[in-house]
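My notes follow in the order I looked things up.

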Amino acid sequence: PLRRSPDDDDWDAHGPIAMSGEAPPTTGPLLGADPFDQALAILAATPEVLPRLVASIVPELADARPAPEDWSPREILGHLRYVEGLLRDRISRMAEGPGEEAMPPGPPSPEPGPVEETLAAWLAARRETLVWLRSLRPEQLERAGIHRHYGRITVREHVIEWGYHDLEHLRQLAAAIEAALYPAIGGWQALYPPPYPSERRA
């Protein structure tokens, strides 16, 4: 749920409180949309969001892990670049193959490279990914592969998960930036839970 603004009494956990006294809406603009179309929209939006977040990262933060078990911004970018190729290859095989085949494990993830180079490579790969994803035919979306841990997964489900994966790592990157800012916000710490509370790491 949204936290209320410290300067606005017209917000509740769902957003602006209706001045008429009516209950706040329980549905949002995305509910009811086709999840596949939502995922494509997310995959297309990430190239607009990610470079702006990366541009806000000062050099000394690029390799800083906000908690021992979490990734640094450089590692997050390296993972996104690696996964872009991995999922493109895997889903392409699923869409073009006979179906119901075992998904092969991916190659080992390489060490993350320089932030600017990794971001540029990811952006170029994502542009190609979007063109390809939009070319998939409806019958291809229903083809499936078998994951060794998660069972039968269709192309449609895998693309939707890809959009979810983008959001997950955008949150992770934002939390790494929050962790750097949190000690400097003074008394406002009472308004926000710490991005990496110590009790999570106990």
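**Entry 1: overall layout**

I began at the N terminus and read off the elements, which run β-β-α-α-β-α-α-β-β-α. I noted five helices and five strands in the protein. The model is predicted, and I kept that in mind throughout.

Next I looked up burial. Of the 202 residues, 34% count as buried. I then took the contacts between residues at least 6 apart in sequence: 70% of them join residues at least 24 apart.

**Entry 2: H1 against H5**

I turned to the helix pairs. H1 and H5 pack at an angle of about 25°, and their axes are 9 Å apart. An angle under 35 degrees counts as roughly parallel, so I wrote down H1 as roughly parallel to H5. The crossing of H1 past H5 is left-handed.

I listed who makes the contact. From H1 I noted several residues, including Phe 36, Leu 40, Leu 43, Leu 50 and Val 54. From H5 the contact residues include Arg 156, Ile 160, Gly 163, Leu 167 and Ile 177.

**Entry 3: H2 against H5**

I checked H2 with H5 next. They pack at an angle of about 180°, with axes 11 Å apart. Angles over 145 degrees count as roughly antiparallel, so H2 goes down as roughly antiparallel to H5.

On the H2 side, the residues that meet H5 include Ile 76, Leu 80, Val 83, Leu 87 and Met 94. On the H5 side they include Val 155, Val 159, Trp 162, His 169 and Gln 172.

Gln 172 sits in helix H5, residues 155–181. Gln 172 is then in contact with Asp 70, Trp 71, Ile 76 and Tyr 196.

**Entry 4: helix H3**

I tested the length of H3, which covers residues 115–133. At 1.5 Å a residue, its 19 residues should span 27 Å. The end C-alpha atoms are 26 Å apart, which agrees.

I then asked which residues of H3 are buried. Among them are Val 115, Leu 119, Trp 122, Arg 126, Leu 130 and Leu 133. What do the buried residues of H3 pack against? I found H1, H2 and H5.

An α-helix has 3.6 residues a turn, so residues three or four places apart point the same way.

**Entry 5: Gly 145**

I moved on to a strand. Gly 145 is found in strand E4. Gly 145 is buried, with a relative accessible area of 1%.

I looked up its contacts beyond four places in sequence. They are Met 94, Glu 101, Met 103, Gly 151, Arg 152 and Ile 153. I also took a distance to Ile 91. Gly 145 and Ile 91 are 54 residues apart in sequence, yet 8.7 Å apart in space, C-alpha to C-alpha.

**Entry 6: salt bridges**

I finished with charged pairs. Side chains of opposite charge can pair when their charged atoms come close. How many salt bridges are there? The count comes to nine.

I looked at Asp 63 and Arg 74. Their closest N and O atoms are 2.4 Å apart, in a salt bridge. Asp 63 lies in the loop between H1 and H2, and Arg 74 lies in H2, so the pair ties together parts 11 residues apart in sequence. Asp 63 is partly exposed, at 47%.

Arg 152 and Glu 100 came next. Their salt bridge has its closest N and O atoms 3.0 Å apart. Arg 152 lies in strand E5 and Glu 100 in the loop between H2 and strand E3, so this pair ties together parts 52 residues apart in sequence. Arg 152 is partly exposed at 48% relative accessibility. Glu 100 is partly exposed too, at 43%.

The last pair was Arg 156 with Glu 142, a salt bridge at 3.1 Å, N to O. Arg 156 is in helix H5 and Glu 142 in the loop between helix H4 and strand E4, 14 residues apart. Arg 156 is partly exposed at 25% relative accessibility, and Glu 142 is partly exposed at 42%.

Methods:
Residues are numbered from 1 along each chain as its sequence is written. This is a predicted model: local features need pLDDT of at least 70, side-chain atom pairs count only at pLDDT 80 or more; totals for chains, interfaces and linings use all residues. Side-chain values use heavy atoms; hydrogens and water are left out. Helices (H or I, at least four residues) and strands (E, at least two) are DSSP runs, numbered from the N terminus. Contact means heavy atoms within 4.5 Å. A salt bridge is a side-chain nitrogen of Lys or Arg within 4 Å of a carboxyl oxygen of Asp or Glu. Buried means under 20% relative accessible area, exposed over 50%, partly exposed in between (1.4 Å probe, protein chains only). The expected span of a helix is 1.5 Å times one less than its number of residues. Axes are lines fitted to C-alpha atoms, for helices over the stretch in contact, and angles run from 0 to 180 degrees between N-to-C directions. Angles under 35 degrees count as roughly parallel, over 145 as roughly antiparallel, 65 to 115 as roughly perpendicular and the rest as oblique. A crossing is left-handed if the near helix is turned anticlockwise from the far one by less than a right angle, and right-handed if clockwise.
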